[in-house]
Amino acid sequence: MSSLTFQQKPFFPSPPDKGSFPLDHDGECKKQMLKYLLCLNQKENSNAVCRVLAKDYLQCRMDRNLMAQEEWDKLGFSEKQDDSNSKI
């Protein structure tokens with residue numbers, strides 16, 4: 001055995017600030033996720049057409065504390081984009 005093991009400080013891992021969030025084990029947002037994935041499948045993976053459904057899914061996750069509350073601008077949804085998508 002190495003004698004350094006007893007002299008080292010214990011390591012306490014911490015989760016990253018971004019890019020990691022709890023899985024939806026209870027399926028609380030499964031309905032929104034399936035709608036979004038179905039839209040992507042039907043629209044040949046065109047995210048622009050399915051942005052409203054992606055926003056609904058993220059809102060569901062934020063409402064149920066499955067991800068941190070974030071401003072829509074930080075998630076890639078701006079008011080200008082939402083207005084232009086609603087006109088299409």
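Predicted model: local features only at pLDDT ≥ 70, side-chain atom pairs only at ≥ 80, totals over all residues.
Reader: How many disulfides does the model hold, and what is the pairing of the bonded cysteines in sequence order?

Author: A disulfide is a covalent bond between the sulfur atoms of two cysteines. The count comes to two disulfides. Cys29 is bonded to Cys60, and Cys39 to Cys50. With the bonded cysteines numbered in sequence order, the pairing is 1-4, 2-3.

Reader: Which parts of the chain does the disulfide of Cys29 and Cys60 link, and how many residues apart are they?

Author: The sulfur atoms of Cys29 and Cys60 lie 2.1 Å apart. This pair links distant parts of the chain, with Cys60 in helix α2 and Cys29 in the segment before α1, and the separation is 31 residues.

Reader: Are Cys29 and Cys60 buried or exposed?

Author: Buried means under 20% relative accessible area. Cys29 has a relative accessibility of 0%, and Cys60 has 3%. Both values fall under that cut-off, so Cys29 and Cys60 count as buried.

Reader: Is the disulfide of Cys39 and Cys50 left-handed or right-handed?

Author: The sulfur atoms of Cys39 and Cys50 are 2.0 Å apart. Cys39 belongs to helix α1 and Cys50 to the loop between α1 and α2, so the bond ties together parts 11 residues apart in sequence. Because the torsion about the S-S bond is about -85°, this disulfide is left-handed.

Reader: Which element gives the largest share of the largest nonpolar core?

Author: The largest nonpolar core has 14 residues, and those with the most contacts inside it include Cys29, Cys50, Trp72 and Phe77. The elements that give two or more residues to this core are α1 and α2. The largest share, five residues, comes from α2.

Reader: What is the geometry of the aromatic pair formed by Trp72 and Phe77?

Author: The structure holds one aromatic pair. The rings of Trp72 and Phe77 are 5.6 Å apart, centre to centre, with 90° between the planes. Planes over 60 degrees apart count as edge-to-face, so the pair of Trp72 and Phe77 is edge-to-face.

Reader: Which residue has its charged end over the ring of Trp72?

Author: Trp72 is among the residues with the most contacts inside the largest nonpolar core. A charged end sits over the ring of Trp72, 4.9 Å from its centre, and that end belongs to Lys55.

Reader: Which side chains meet in a salt bridge?

Author: Side chains of opposite charge can pair when their charged atoms come close. The count comes to one salt bridge. Its partners are 36 residues apart, one in the segment before α1 and the other in the loop between α2 and α3. The N to O distance is 3.8 Å, and the side chains are those of Glu28 and Arg64.

Reader: What is the phi of Glu44, and what is that of Asn65?

Author: Most residues other than glycine have a negative phi. Glu44, in the loop between α1 and α2, is exposed at 75% relative accessibility. Asn65, in the loop between α2 and α3, is exposed with a relative accessible area of 64%. Neither is a glycine, yet phi is positive in each: about 55° for Glu44 and about 60° for Asn65.

Conventions. Residues numbered from 1 in each chain as written. Heavy atoms only, no water. Salt bridge = Lys/Arg side-chain N within 4 Å of Asp/Glu carboxyl O. Helix = DSSP H or I, 4+ residues; strand = E, 2+ residues; numbered from the N terminus. Buried < 20%, exposed > 50% of the residue type's maximum accessible area, 1.4 Å probe, protein only. Core = buried A, V, L, I, M, F, W, Y, C linked by side-chain atoms within 4.5 Å. Phe/Tyr/Trp six-rings, centres within 6.5 Å; stacked < 30°, edge-to-face > 60°. Lys NZ or Arg CZ within 6 Å of the ring centre and 35° of its normal. Disulfide = S-S within 2.5 Å.
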